[in-house]
Amino acid sequence: MPLTCDAGSTGSRARKPAEEQLPEKISSSIADFLLEYPAAVILEDGRVVFDMRSAKYRLDTEHGRCTLHLWSEEANFVRRVMAAERRKGSLRLSVLRFGQTRSQTLEIVAERERRTPSTREATRVKYLRVLARVLARAFPHWKVDGLRTAMDLEKSFGPEYARGVLVQGQSAWAVIAVNPEETQATIDGILTIGILWLEHCRSTGDGRRVWQGLKVIVPQGAGTLTATRMRWLNPRAAQWELWELDSQTEELEPRETNDTGNIATRLIHAPDHNAVRERFAMAIERVMSLVPEAMRMQVEIIIANSAEVLFLLHGLEFARIRAGYAGNSFNVQEAITFGAGANETALTSDNEGMLRELVARLFERRQAEGDKRDPLYRMQPERWLESVLRRDLEPLDAHLDARHVYTQVPAFVGGDRGMLDLLGVLRDGRLAVMELKAEEDLHLALQGLDYWIRVRWHHLCRNNNVGSCELQRAGYFGGVVLSPLAPKLYLVAPALRVHPATEIVLRYLSPEVDWELVALDERWRRKVKAVWRKRSTDRREV
């Protein structure tokens with residue numbers, strides 16, 4: 001919905017800001033904050049109403065007021081914004097609902113986590129006591145030792161996870177657990193931290209204990225992703241157990257990891273690129289006519305699906321053509337929108353100048369030699385890296401076929417992984433999964449594994465009559481004879497952004513997962529060059 005910035009009076013009951021703000025200034029404050037924090041959330045009455053990773057917004061400063069329109073698949077609302085106040089990690093807006101005279105507060109925060117440090121600490125201390133009781137009762141012949149949540153950033157251990165050991169004579173298990181009040185991303189990250197904890201226990205011990213493996217404890221009903229990942233860990237390196245705990249009843253139940261059921265992905269049929277370009281030819285020509293001729297070669301036109309065409313500069317979308325039904329009729333109409341990031345404005349004959357200005361601003365600031373502090377330069381670095389690699393895959397592997405490169409196929413259902421995936425094929429027909437990360441992330445290895453698992457699953461789902469895999473039946477890799485081998489996994493990141501944990505976790509993966517870690521030169525925006533690489537065939541046994 002639109003949020004409106006009103007420079008005039010809002011009624012006798014409205015709370016007036018201490019200093020009058022112009023609509024253009026308010027609009028600029030909101031747009032700048034959302035550029036700086038693309039994963040921000042919108043809070044109303046302390047409740048998250050929009051997550052900007054999946055929501056869109058539009059700002060309007062006509063008629064002496066600033067209007068912000070926010071929408072997503074779940075909600076759509078409009079507010080008039082009278083003032084914007086920047087605070088540490090947040091932007092507080094004084095807003096009016098249409099038809100009302102009393103202002104309210106809307107808050108845009110950089111991070112979803114809103115609990116106070118004392119509340120988080122109290123929750124974790126309480127959970128630690130519950131965990132100690134549960135472990136003692138569930139494993140009566142084992143001694144619970146060293147349970148703690150103390151932070152150790154050097155070893156990547158944060159206070160979100162409870163860590164400890166179970167000891168019986170010379171035998172021991174590493175234990176890692178997470179309470180249900182933590183974010184879903186924290187819960188999903190437990191296996192990475194668990195592997196690091198097991199490695200730490202083994203490497204710092206006195207050699208007398210035999211570490212059998214790792215017990216992972218997650219909240220009840222939250223173990224599906226961890227179970228899927230655990231299936232692909234090396235059983236020769238350690239024993240792996242997954243448990244689900246109901247913190248209220250203190251019931252601990254084992255979770256099977258061998259049978260993880262259907263994979264939560266969706267496989268959309270590949271569009272006919274030539275047909276889509278022909279259908280949208282006039283709209284494509286209109287958008288490109290607003291891009292200076294000297295800059296047009298840098299614009300990447302992506303066919304997202306049969307009804308959407310995207311226009312990107314170094315991975316950042318700045319315009320989109322979308323087809324849909326008009327009102328309640330069956331007449332199909334085209335809509336062109338523009339904006340950077342989550343910002344989206346419908347293109348009309350009256351605002352074509354705004355698109356020209358946006359393009360000029362993007363091409364000036366989003367360049368390889370640009371200012372690294374500029375939000376437009378720093379925005380969506382993975383997508384910038386993807387755009388570079390999509391044009392030149394040879395630095396990753398000279399055997400990759402540049403004619404067949406797809407983004408996020410299959411797509412994940414629900415959630416946001418914060419990663420970007422490319423799917424390609426080697427010249428011998430073997431599928432290639434490429435997981436990209438432009439910034440340091442200790443979860444790179446297992447997030448890459450997630451995508452590998454899903455591609456493998458769709459590859460192995462074959463039609464007995466035709467003999468082709470699901471991917472080819474959906475229109476991908478046309479004319480390619482795909483190898484029956486499992487995909488190869490490429491993990492790609494700038495050399496100085498490869499987290500030290502990545503190689504540790506990779507050593508614990510099953511030998512069935514053929515992976516290659518590729519470290520790029522830090523100047524990848526100018527030219528992609530691999531500076532070192534490591535392969536699963538080089539690894540030593542844990």
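Modeller: Let's start with strand β16 (residues 299-305) and strand β17 (residues 308-313), which pair in the antiparallel sense over 6 bridges. Keep in mind that this is a predicted model, where local features need pLDDT of at least 70 and side-chain atom pairs pLDDT 80 or more, while totals for chains, interfaces and linings use all residues. Residues are numbered from 1 along each chain as its sequence is written, and side-chain values use heavy atoms, with hydrogens and water left out.

Colleague: What makes β16 and β17 count as paired?

Modeller: Two strands pair if DSSP finds at least two bridges between them. β16 and β17 have 6, so they pass that test. In one of those bridges, E300 has L312 in β17 as its partner. With 2 residues between them, β16 and β17 form a hairpin.

Colleague: And what holds paired strands together, in general?

Modeller: Strands of a sheet pair through backbone hydrogen bonds, either parallel or antiparallel.

Colleague: How many helices and strands does the chain have?

Modeller: There are 13 helices and 27 strands.

Colleague: What makes β9 and β14 edge strands?

Modeller: They belong to an open sheet of 6 strands with mixed pairing, in the order β9-β10-β11-β12-β13-β14. β9 (143-148) and β14 (251-255) each pair on one side only, and they are the edges. From one strand to the next the twist averages 25°. Inside that sheet, β10 (residues 161-168) and β11 (residues 171-178) pair in the antiparallel sense over 8 bridges, with Y161 standing opposite V178 in β11.

Colleague: Which strands does helix α4 lie across?

Modeller: Helix α4 (residues 190-204) lies across β9, β10, β11, β12 and β13, at about 155° to β12. Helix α2 (residues 117-138) also lies across β9, β10, β11, β12, β13 and β14, running at about 165° to β9. Those angles are between N-to-C directions, from 0 to 180 degrees, with axes as lines fitted to C-alpha atoms, for helices over the stretch in contact.

Colleague: Why is the F139 and W243 pair called edge-to-face?

Modeller: Rings of Phe, Tyr and Trp (its six-membered ring) pair if their centres lie within 6.5 Å; planes under 30 degrees apart are stacked, over 60 edge-to-face and the rest tilted. For F139 and W243 the centres are 5.4 Å apart and the planes stand at 85°, so edge-to-face it is. F139 sits in the loop between α2 and β9 and W243 in strand β13, 104 residues apart, so this pair links distant parts of the chain.

Colleague: F139 and W243: why buried rather than exposed?

Modeller: Buried means under 20% relative accessible area, exposed over 50%, and partly exposed in between (1.4 Å probe, protein chains only). F139 comes in at 10%, so F139 is buried. W243 has 15% and therefore counts as buried too.

Colleague: What makes Y406 and Y476 another edge-to-face pair?

Modeller: Their rings are 4.9 Å centre to centre, with 85° between the planes. Y406 and Y476 are both buried.

Colleague: How do you know that L233 is buried, and what does L233 touch?

Modeller: Its relative accessible area is 3%, so L233 is buried. Contact means heavy atoms within 4.5 Å, and on that basis L233 touches L191, I195, W240, Y508, L509 and S510, leaving aside residues up to four places away in sequence. L233 and L509 are 276 residues apart in sequence but 4.4 Å apart in space, C-alpha to C-alpha.

Colleague: What makes something a nonpolar core?

Modeller: A nonpolar core is a set of buried Ala, Val, Leu, Ile, Met, Phe, Trp, Tyr and Cys residues joined through side-chain atoms within 4.5 Å. The largest one has 66 residues, and V216, W240 and F477 have the most contacts inside it. A second, separate core has 29 residues, including V287 and F363.

Colleague: Why does F477 count as buried?

Modeller: The relative accessible area of F477 is 0%, so F477 is buried. F477 lies in the loop between α12 and β25, and its phi is near 60°, a positive value in a residue other than glycine.

Colleague: And E250: why is that one buried?

Modeller: E250 has 19% relative accessibility, which means buried. E250 lies in the loop between β13 and β14 and has a positive phi of about 60° although it is not a glycine.

Notes: Helices (H or I, at least four residues) and strands (E, at least two) are DSSP runs, numbered from the N terminus.
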